[in-house]
Amino acid sequence: MYNVRSMKAEEFISDEEIRETLAYADANKENVALIDEIIAKAKLGKGLNHREASVLLACEIPEKTEEVYKLAEQIKKDYYGNRIVLFAPLYLSNYCVNGCVYCPYHLKNKHIARKKLTQEDIVKEVTALQDMGHKRLAIEAGEDPVNNPIEYILECINTIYSIKHKNGAIRRVNVNIAATTVENYRRLKEAGIGTYILFQETYHKKNYEELHPTGPKHDYAYHTEAMDRAMEGGIDDVGLGVLFGLDKYRYEFAGLLMHAEHLEAVHGVGPHTISVPRIKHADDIDPTAFDNSIDDETFAKICALIRVSVPYTGMIISTRESQAVREKVLPLGVSQISGASRTSVGGYAEPEVEEEVTSEQFDVSDQRTLDEVVNWLIKLGYIPSFCTACYREGRTGDRFMELCKNMQILNCCHPNALMTLKEYLEDYASEETRKIGMKLIERELEKIPNPKVKQTASDHIHDIAEGKRDFRF
Ligand code: SF4
Ligand code: SF4
């Protein structure tokens, strides 16, 4: 039944194949010769398939796990350097007709405040986000054909791109909305979106149906095949993710990699990003009600193994995770994080106060301001990046993958990160952040291998201090 090239969800995410994979992993989790062979293959930097990666996930030999962590750190350094791209979610509407049992936006929740941003509200929200320094957003909306039709989403994207406040601009809008039709994906592409993100939640079909008892999202196949329709509609950067804590993590992990393999096999390009959310407390949702939640150690191992298995795929971690957990997994391969997020509708312009009836989707663990996050990253030795260059240069899908595969990151992403950081420091940073940021830029400029690129980047950084903006390689 399993067929990586099939266009049917139940064939490219075959339950039977996942079960056999887990049995194979269990049978080999102490098979040191095989484990060494898999690690040696991973060292070549070409990734691992779901079976190989599942063996490493099942393996509990401490030295081997340590080797995986070290390798993840190395791959992260080789492919992504020390940059971390920053973004913020923007909640447009929490009207939703679905019945997802883990999300407070589900239809039957009557004590949550329902809100939908008007275009005027969006101007306020985006102005607030621009004033923090954000350049990249991920828009989020519940599924509701009456309140949030595709026309509403398209209008919002248009508005977001049109807002220019002081030196601010949103240069890339990623979209996280419900599975939809090829035609609607085409319209999103035409509206100039970056990545289309859709979390699978769980790859376990039976559990999926139980967790989504009502609404259009109940249809497992329609949801699971969404990325194929998105690609057919011309979107070539798609973002996968599962909500860890909904089903057994080893099952989800194998499913996630099978999905990535399917996209690569059929469309010639794997997922642009993978997100690793864990279930969180929220209005009328208690995460302890889900008995598959994973501890921090397992979470870190999953992050490391994703990095090792799909080296070219960016990995995103949100403010669902605390500062401490983020610090632990950053070196293991995370390439993008959100900062200063509000998970309520309209929360940037007017933050909700505790006692109010909330409209937020989940509790945020990392509550720091963007300046605090930038400052923290610099002190940890990372370059906070606001780069959006690839999408704006048309480097999406396989063209983006080429950049990664040719290891052009130090000549491309690295100077872009430094130039966008410089913009941030000039326009939005606190005095202290500016000081340490400038020192970091000076140090990091030296690492650009191509002398011509180095000189151009250095000139542009000088121009930015003089008031010019928006340079990119
Ligand atoms: S997870 Fe998405 S689809 Fe489900 S209730 Fe929440 S907003 Fe609606
Ligand atoms: S140059 Fe492209 S791949 Fe590199 S950070 Fe910018 S957008 Fe990402």
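**Exercise 1.** Find where F199 lies, and decide whether F199 counts as buried, exposed or partly exposed.

*Solution.* Step 1: F199 lies in the loop between β4 (196–197) and α9 (205–211). Helices (H or I, at least four residues) and strands (E, at least two) are DSSP runs, numbered from the N terminus. The model is predicted: local features need pLDDT of at least 70 and side-chain atom pairs count only at pLDDT 80 or more, while totals for chains, interfaces and linings use all residues. Residues are numbered from 1 along each chain as its sequence is written, and chains are lettered from A and ligands numbered from 1 in the order in which they are written.

Step 2: A residue is buried if 20 or more other C-beta atoms lie within 10 Å of its own, exposed if 12 or fewer, and partly exposed in between, with C-beta atoms placed from the backbone. F199 has 15 C-beta neighbours inside 10 Å, so F199 counts as partly exposed.

Step 3: Leaving out residues up to four places away in sequence, F199 touches G241, V242, L243, S275 and P277. Contact here means that the C-beta atoms, placed from the backbone, lie within 7 Å. The C-alpha atoms of F199 and L243 are separated by 7.3 Å, although the two residues are 44 residues apart along the chain.

**Exercise 2.** Compare K166 and E201: where does each lie, and is each buried or exposed?

*Solution.* Step 1: K166 lies in the loop between α7 and β3, whereas E201 is in the loop between β4 and α9.

Step 2: Phi is positive in K166, near 50°, and K166 is not a glycine. E201 is not a glycine either, and has a positive phi of about 70°.

Step 3: K166 is exposed because 10 other C-beta atoms lie within 10 Å. E201 is buried because 23 other C-beta atoms lie within 10 Å.

**Exercise 3.** Work out which residues of helix α8 are buried and what covers them.

*Solution.* Step 1: In α8 (residues 182–190), the buried residues are N184, Y185 and L188. They lie on the same side of α8 because they cover an arc of only 100° around the axis. The arc is that of the directions from the helix axis to the C-beta atoms. An α-helix has 3.6 residues a turn, so residues three or four places apart point the same way.

Step 2: The face turned away from the buried side of α8 carries the exposed residues E183 and E190.

Step 3: The cover over the buried residues of α8 includes α7 (150–162), β3 (172–176), β4 and α11 (226–232). After α8 comes G192, with a positive phi near 85°.

**Exercise 4.** List the residues around ligand 1 and ligand 2, and sort each shell by residue type.

*Solution.* Step 1: Around ligand 1 stand C96, N98, C100, C103, Y105, H106, G142, E143, A178 and K217. A residue is near a molecule if its C-beta atom, placed from the backbone, lies within 6 Å of it.

Step 2: The shell around ligand 1 divides into 5 nonpolar, 3 polar and 2 charged residues. Ala, Val, Leu, Ile, Met, Phe, Trp, Tyr, Cys and Pro count as nonpolar, Asp, Glu, Lys and Arg as charged, and the others, Gly among them, as polar.

Step 3: Ligand 2 is surrounded by V85, S385, C387, T388, A389, C390, C412, C413 and N416. Two or more residues of this shell come from each of α16 (389–392) and α18 (413–427). The shell around ligand 2 holds 6 nonpolar, 3 polar and no charged residues.

Note on methods:
Two residues are in contact if their C-beta atoms, placed from the backbone, lie within 7 Å.
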